[in-house]
Amino acid sequence: MLTNPADIHRAVPLTYEQFRYAFANAVSEEEAKHLYETFAVPAPGAPLFQAAVANFNPWSETKVDSTDGNRGPLPLISGEKDHTVP
């Protein structure tokens with residue numbers, strides 16, 4: 001996705017391989033294909049670009065101010081085989 005800057009204004013689908021790695025790595029190949037066919041939909045490219053350049057953009061929408069005592073918690077749910085939130 002990041003190889004094509006025009007995708008910032010488009011809805012971009014994950015390939016099956018990307019979906020399998022990110023979301024279905026702990027299930028069988030058959031179940032992963034079913035999940036991909038059922039649940040994978042194109043998503044806006046802008047958030048991925050924002051996250052990719054967050055370290056270079058001091059005004060990034062994805063930046064978290066961990067020193068702000070008034071911010072809410074940042075819950076992350078992860079499993080032992082998760083590739084998305086290790």
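User: Buried or exposed: which label does serine 60 get, and why?

Analyst: It gets "buried", because the relative accessible area of serine 60 is 8%, and buried means under 20%, exposed over 50%, and partly exposed in between, with a 1.4 Å probe and protein chains only. Keep in mind that this is a predicted model, where local features need pLDDT of at least 70 and side-chain atom pairs count only at pLDDT 80 or more, while totals for chains, interfaces and linings use all residues. Residues are numbered from 1 along each chain as its sequence is written, and side-chain values use heavy atoms, leaving out hydrogens and water.

User: Where does serine 60 sit, and what does it touch?

Analyst: Serine 60 is in the segment after helix 3 (46-52). Leaving aside residues up to four places away in sequence, serine 60 touches Gln50 and Ala54; a contact here means heavy atoms within 4.5 Å.

User: How does the radius of gyration of the protein chain stand against that of a compact globule?

Analyst: The rule for a globule is 2.2 Å times the number of residues to the power 0.38, with the radius taken over C-alpha atoms. For 86 residues that would be near 12 Å, but the protein chain has 16 Å. Its C-alpha atoms fill a box of roughly 45 × 35 × 15 Å along the principal axes, and 14% of the 86 residues count as buried.

User: Back to details. What makes the pair of phenylalanine 19 and phenylalanine 23 stacked, edge-to-face or tilted?

Analyst: There are three aromatic pairs by the ring rule. This one has 5.8 Å centre to centre and 45° between the planes. Rings of Phe, Tyr and Trp (its six-membered ring) pair if their centres lie within 6.5 Å; planes under 30 degrees apart count as stacked, over 60 as edge-to-face, and the rest as tilted, so 45° makes this pair tilted. Both residues lie in helix 1 (residues 16-23), four residues apart, about one turn of the helix. An α-helix has 3.6 residues a turn, so residues three or four places apart point the same way.

User: What label does proline 42 get, and why?

Analyst: Its relative accessible area is 47%, so proline 42 is partly exposed. Proline 42 is in the loop between helix 2 and strand 2 (43-44), and it touches Ala11, Val12 and Pro13, residues up to four places away in sequence not counted. From proline 42 to arginine 10 is 8.9 Å, C-alpha to C-alpha, though they are 32 residues apart in sequence.

User: And histidine 9: buried or exposed?

Analyst: Histidine 9 has 74% relative accessibility, so it counts as exposed. Histidine 9 is in the segment before strand 1 (11-12).

Terms used. Helices (H or I, at least four residues) and strands (E, at least two) are DSSP runs, numbered from the N terminus.
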